[in-house]
Amino acid sequence: MITFSDRLHALPGYPLAEIPTIKRRLLAAGMDVIDLGAGDNDAPPPAVVVEAMNRALANPALSKYGFQQGLPAFRQAASRWVERRFGQHFDPMTETLPLIGSKEGLSHLPVAVINPGDIAIVPEPGYQAYLGGALLAGAEPYVVPLRPENGFLLELDALPAEVLRRARIVFVNYPNNPTAAVATREYLERTVAACRRHDILLAYDNAYCELTFDGYRAPSIFEVEGARDVAIEFFSLSKSYSMTGWRIGFAVGRAELIGALTRVKSYVDTGPFLAIQEAGIAALENSDAIVAPIRAELQRRRDAGVAALRAAGFTLDTPKAAMYLWVPLPEGVASGPFARRTLEETGALVMAGSGFGPAGEGFFRIALTVGPERITEAVGRIGGMLERMPRGALATAP
Ligand SMILES: Cc1ncc(COP(=O)(O)O)c(C=O)c1O
């Protein structure tokens, strides 16, 4: 009999795993499903990127193994983009690394720093690849609940001294998925200071840095002095350029840290498809022109969603960034049964807060993946369902 590892057993069910099956069943039954689940915008990939990809596919040299070095021109474009955007220079060949999506890099990084008995500090609710990567590397995860009263910030200084002593890595993500919280400069400074004090690798996930509203600008962790000693930063082309399925992102950091991740990756993958790296160059070089309309449309969707939710009786702040609304549920309503019933009864597909870990309970997440009218329609259906529901129908399970 094949038995499975403790690490495999330790992985919680992936939050989006069962949703496609339910959605398919409902669609087959003729239901008008409005999918606000995964953070996957309905906008097509930019024409300039598709054209670059078509040209790249005709070049047989780009069908070869990319290995970790990949296309030097992609590294250079990524490095130039970071410099343009944040005023920070990273050497393209030694301090920049192409990734098969930022998830791949984030989840492989713990292997480079974790020894038996080490702790990985993981925010909850949070992107599940942090917990998964930590568990697969054999780390002991230390889960930090992100609470509204703290602005959903992961405060290292509030953790027990013993945890900080044993921690080798912390995952920090602002603009945040799923809460849409953003970090102040002071927060980033105290987080870098704490990581330096305790020798903790700061994995800064900046997947949503381009999706900001009302003039807010999301910083790089490297704008904080001293961050290069302890941080590695992850960027994604998925959300900013509507390229989620293409699987392309990159990391920057000092050569020793990038080298460690490169070494891990050399044994598990052979780098992103070179043609996609070529197309990624087109995205990064045309970044301002591509991102401006995406950002403006997300802001319209955010405004429609917030207005509809407030009209339906929900209380929430207007987020400054990311592509999510993180919505508190009425007292005593459990998010899992709520999300399932919402989907089955109204066709509005939202994510249960508990899908991002137990600390996400009491909330649900709306991804701004369809136009304002459809978001308003979905929220209207959800509000109607809550109104019709007898009190206690979706109470937290005992
Ligand atoms: C916070 C966060 N980081 C990283 C990612 C992964 O992005 P990529 O498509 O680059 O792997 C996501 C995707 O949803 C995310 O929400």
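Student: What joins the side chains of Glu162 and Arg165?
Tutor: The side chains of Glu162 and Arg165 are joined by a polar contact of 2.8 Å (two N or O atoms within 3.5 Å; within protein, one able to donate a hydrogen and the other to accept it, and sequence neighbours count only through side-chain atoms). This is a predicted model, in which local features need pLDDT of at least 70, side-chain atom pairs need 80 or more, and totals for chains, interfaces and linings use all residues. Residues are numbered from 1 along each chain, and side-chain values use heavy atoms, without hydrogens or water.

Student: Where is Glu162?
Tutor: Glu162 belongs to helix α7, residues 161–166. Helices (H or I, at least four residues) and strands (E, at least two) are DSSP runs numbered from the N terminus.

Student: Is Glu162 buried, partly exposed or exposed?
Tutor: Glu162 is partly exposed, because its relative accessible area is 42% (buried is under 20%, exposed over 50%, partly exposed in between, with a 1.4 Å probe and protein chains only).

Student: What separation is there between the C-alpha atoms of Glu162 and Ile221?
Tutor: Those two C-alpha atoms are separated by 25 Å, and the residues are 59 apart along the chain.

Student: Let us change topic. How many residues surround the ligand?
Tutor: The ligand is surrounded by 15 residues, each with a heavy atom within 4 Å of it. The closest are Asn177, Asp205, Tyr208, Ser236 and Ser238.

Student: Which helix gives the most to that shell?
Tutor: Helix α5, residues 102–108, gives the most to the shell, with 3 residues.

Student: What lies 2.5 Å from an oxygen atom of the ligand?
Tutor: That is a polar side-chain atom of Ser238. In Asn177, an N or O atom of the side chain is 2.7 Å from an oxygen atom of the ligand. Ser102 uses its backbone instead: a polar backbone atom there is 2.8 Å from an oxygen atom of the ligand.

Student: What share of the ligand does the protein bury?
Tutor: The protein buries 93% of the 400 Å² that the ligand exposes when taken alone (Shrake-Rupley areas with a 1.4 Å probe).

Student: In which sense do β3 and β5 pair?
Tutor: Strand β3, residues 119–124, pairs with β5 in the parallel sense over 3 bridges (pairing requires at least two DSSP bridges). Within β5, Val170 stands opposite Ile121.

Student: And how many bridges link β5 and β6?
Tutor: There are 4 bridges between β5 and strand β6, residues 201–205, again in the parallel sense. Here Phe171 stands opposite Ala203 in β6.

Student: Which residues cover the two faces of β6?
Tutor: On one side are Leu201, Ala203 and Asp205, and on the other are Leu202 and Tyr204; all of them are buried. With 5 of its 5 residues buried, β6 is therefore largely enclosed by the rest of the structure.

Student: What stands opposite Leu202?
Tutor: Leu202 stands opposite Ala231 in β7. Strand β7 spans residues 231–236 and pairs with β6 in the parallel sense over 4 bridges.

Student: One more topic, the backbone. Is the peptide bond from Tyr174 to Pro175 cis or trans?
Tutor: The bond from Tyr174 to Pro175 is cis, with omega near -5°. The bond from Asn177 to Pro178 is also cis, with omega near 10°. Pro175 lies in the loop between β5 and α8, and Pro178 is found in the loop between β5 and α8 as well.

Student: Is phi of Phe67 positive or negative?
Tutor: Phi of Phe67 is positive, near 50°. Most residues other than glycine have a negative phi, and most peptide bonds are trans. Phe67 is placed in the loop between α3 (47–57) and α4 (72–86).

Student: What about phi of Ser242?
Tutor: Phi of Ser242 is near 50°, a positive value in a residue other than glycine. Ser242 sits in the loop between β7 and β8 (249–253), and its 10% relative accessibility is why it counts as buried.
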